[in-house]
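Biologist: I would like to go through this structure with you, step by step. Could you bring it up on the screen, please?

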Amino acid sequence: MCRKKLFLMSTFLLVGLLFCGLNASAVEKHMQGPEVADVNWTARKGETLTIGLNKHPFTESLRPLIPEFEALTGIRVAYIILPEQEYFEKLLIDLSSGAGVFDVYMTSPMFEWRYQYAGWIEDLWPYFNNAELTDKEWYNREDFITTVMNANNWDGTIGGGMGKGRWNAIPVMVEYYVQAYREDLRKKWGLTVPKDYHEWYDVVVKASEAGGPDFFGIVERGIRSWSTVHSGYFTGFNSWGQKDITEDLHAAINTKPAIEFTEIWVKGLQDAGPPGWPTYTWYDAKQSFAAGRFYMYNDCDFFAASYEDPEKSEVAGKVGYALPPAGPDGRIVSNMWTWALAMSSLSKHKEAAWLFLQWATARKTMVDSTLKHDNFNPTRRSIWNDPKVIEKIQPWGSRPGEYKEVVDLLYDKYGDIRWTPNPDVTTVGDLWCDALHEAYARQKSAEKALNDSAKRINRVMRKWRMAMGKKD
Amino acid sequence: MIAGQIPMRGKVADNWLRRLKKRIITPRTIPYFLYLPCFIVTVGILYPFFRSIYLSFTDYNFTYGTGFFIGLENYVLQFTSLDFWHSIRVTLTYAISATTIELLFGFAIALLLLKRIRGRTIYRAVILLPFMIPPVIEAIMMRLMLAPVIGVVNYVGSFVGMPRLGWFGEANTAMLSVVLIDVHNFTPFAAIILLAGLESLPSRPFEAARVDGASNWFIFRKLTIPLLKPVIYVVILFRLIESLVMFDMIYAGTKGGPAKATMSLHVNAYYHAMRWTMMGEAFVQLIVLWAIVFICSFIIVRAWRKALGKRMV
């Protein structure tokens, strides 16, 4: 009897251990490097891939890791790196001319909508669902933050359809828009962290006055581009409950609340911003903020990696991070941008390109790019919650853990793409930016400038209204 | 046997080629052959030109693959658009002001370099240096120097009480800034051409005027300018055409902004074509730009011929 009991117990124990072991190995498989994946990495040995990259911190984090991919697969990787505007223009020429120089390129949902419509971007689902090319268990697609991954899926519906249909690209970094401000000066001058945009205006003007002639209260990106609209401005615009395009595909940038918000935002730049604001790219503004020239910069959260690096920044350890100010009804939102890697439809090395995409966005590669080369913010939840990553970002902010808390809220609650999906979204943004410049230059009132831009946007959107059978 | 057949075959082929050559290359056909390269070049230029004209009547957009004939719709859209007329105004303002300033400064420099002063050859070489800088590099360099907060110009200016200017970043100074960099880059060109013109002027009329006791100002007005007119027209022709079609300097400096203050026709067409893929509308703008350049060139060339004729007399 006793022997039987002992036998049963040992059997249960053995089965239990085996189950736990199996389970543990299943959990751990995606945490390991590409060598454990059930993928024939050398299947495309000898081929050469050309990757189009934008000059960006992500690119700097990927470059040192590429030799690992070459050693793993025997595929040679050549890359072309260009500044952002030149990059998108060169890419457009490559894709539209059918030259097909790039096999893989950096992109973002706002561009994917155009590329998908033009047939320049490959749907990744067939590659992902091909068992010979992909080890789903190891790759663990579910690890990606849902909103960020969904932003790269679109079913082609003008005005909606995001998160459905084709899978255009794999996100490699994500950014939300926060208030980055000088905590040391806030304490010194007795300022508050703005909770709404009226308070924001008061704070940046006071900071500008307190800082003297060579110091300014606020900086935003300002060049003539959709990107000027995209970050701080669009975040505030959405906090006021506004949308860029109505359901019937007309411009909605000139509603009463939109005008009210634009007036505050432009006045903040006029009264507390640097002269020549329209020359500032995001990069110029980031560098100048890190050089201690500005009190506040409402832009990308991940700039914290630069601000907090004492070798690159004079404000390391002096910056506070806060959620964007709320709209009139207390609504807090942030727009989102995600850089992603996509495969060109014109590529002659599609399977090799998929191997590269799979490797570059696998957990192991992305952990290395984040921990060793500062690729923030990661798009995989397991990396964001990795103890080493948490340890790295813990000191960022006015108190320990502040940056993590703010970005956690943006990941889970406030951050998402706020643009209305349509292939002409960057054109809409460019035309909208003109209104901001005209209001800033005091050539027109905010209302007149937005009305004029709305008319031009409506003309651009006309073909989509016709295509979708909407009222013109 | 085989060895003997090869030269036989070679001989036949040789004879055939010689006969063909004689038939094709005859005294009648030789002029056509000589014209051939010229014809190829002409077709190479005219085909894209006429193709552009055709595309301006279509809704060609390479994102959506459309290219339907839509008649004058693009032209109507542009001619009824305030932005289009604004771009024409910007283009003309830029070109006329840059050309005028370059001509005046170039003239002043040429007159200075004409003087037999010590180190004249060194000055001549140094004065050419800005012209050797590619326009894009010039624009980027000036953007850094004229940066509102960290730029050296505002910094140095602050010592003499100059207010901090936004330069490229303010709507009221952006045009001035791009014209200034054009002037910095191309004044040496005007100076060198005018200097060559001044040096080639006949000396006798000047000596006679001096003997008659004419003042320097009188000689300059009544002799130098009239005799130099053909050269002045050449400078105006080159600089005006280049300023009218200037793209790289404006785009690298201001991207057409702020508030469209420097949105010339060429930059506007670039936005339409390369950012928004609206090729049909872009071609309308480029054709209008071509027409402006053509009319200006035509007028200046006529004036140049007239001046040359007068000088000959």
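Biologist: Is the crossing of α4(B) and α8(B) left-handed or right-handed?

Modeller: The crossing of α4(B) and α8(B) is right-handed. Please keep in mind that we are looking at a predicted model.

Biologist: At what angle do helix α4 and helix α8 of chain B pack?

Modeller: Helix α4 of chain B, residues 82-114, packs against helix α8 of chain B, residues 171-199, at an angle of about 45°. Their axes are 6 Å apart. That angle makes α4(B) oblique to α8(B).

Biologist: And which classes of residue form the contact of α4(B) with α8(B)?

Modeller: There are 20 nonpolar residues in that contact, together with 4 polar and 2 charged ones.

Biologist: Let us turn to the two chains. How many residues of chain B are in contact with chain A?

Modeller: On the chain B side there are 24 residues, and they are in contact with 24 residues of chain A. Helix α12 of chain B, residues 265-275, provides the largest share of the chain B side, namely 3 residues.

Biologist: What is the make-up of that side by class?

Modeller: The side of chain B that touches chain A has 14 nonpolar, 5 polar and 5 charged residues.

Biologist: Now chain A. How do the axes of helix α12 and helix α20 of chain A cross?

Modeller: The axes of α12(A), residues 256-272, and α20(A), residues 425-440, come within 9 Å and cross at roughly 55°. This makes α12(A) oblique to α20(A), and the crossing is right-handed.

Biologist: Which residues make the contact?

Modeller: From α12(A) they are Thr262(A), Val266(A), Leu269(A) and Gln270(A). From α20(A) they are Leu436(A), Ala439(A) and Tyr440(A). Of the residues in this contact, 5 are nonpolar, 2 are polar and none is charged.

Biologist: In what sense does β6 of chain A pair with β8(A)?

Modeller: Strand β6 of chain A, residues 169-182, pairs with β8(A) in the antiparallel sense over 5 bridges. Within β8(A), Cys300(A) stands opposite Tyr177(A).

Biologist: And what about β7 of chain A and β8(A)?

Modeller: Strand β7 of chain A, residues 216-219, pairs with β8(A) in the parallel sense over 3 bridges. Ile218(A) has Met296(A) in β8(A) as its bridge partner.

Methods:
Residues are numbered from 1 along each chain as its sequence is written. Chains are lettered from A and ligands numbered from 1 in the order in which they are written. This is a predicted model: local features need pLDDT of at least 70, side-chain atom pairs count only at pLDDT 80 or more; totals for chains, interfaces and linings use all residues. Axes are lines fitted to C-alpha atoms, for helices over the stretch in contact, and angles run from 0 to 180 degrees between N-to-C directions. Helices (H or I, at least four residues) and strands (E, at least two) are DSSP runs, numbered from the N terminus. Angles under 35 degrees count as roughly parallel, over 145 as roughly antiparallel, 65 to 115 as roughly perpendicular and the rest as oblique. A crossing is left-handed if the near helix is turned anticlockwise from the far one by less than a right angle, and right-handed if clockwise. Two residues are in contact if their C-beta atoms, placed from the backbone, lie within 7 Å. Ala, Val, Leu, Ile, Met, Phe, Trp, Tyr, Cys and Pro count as nonpolar, Asp, Glu, Lys and Arg as charged, and the others, Gly among them, as polar. Two strands pair if DSSP finds at least two bridges between them.
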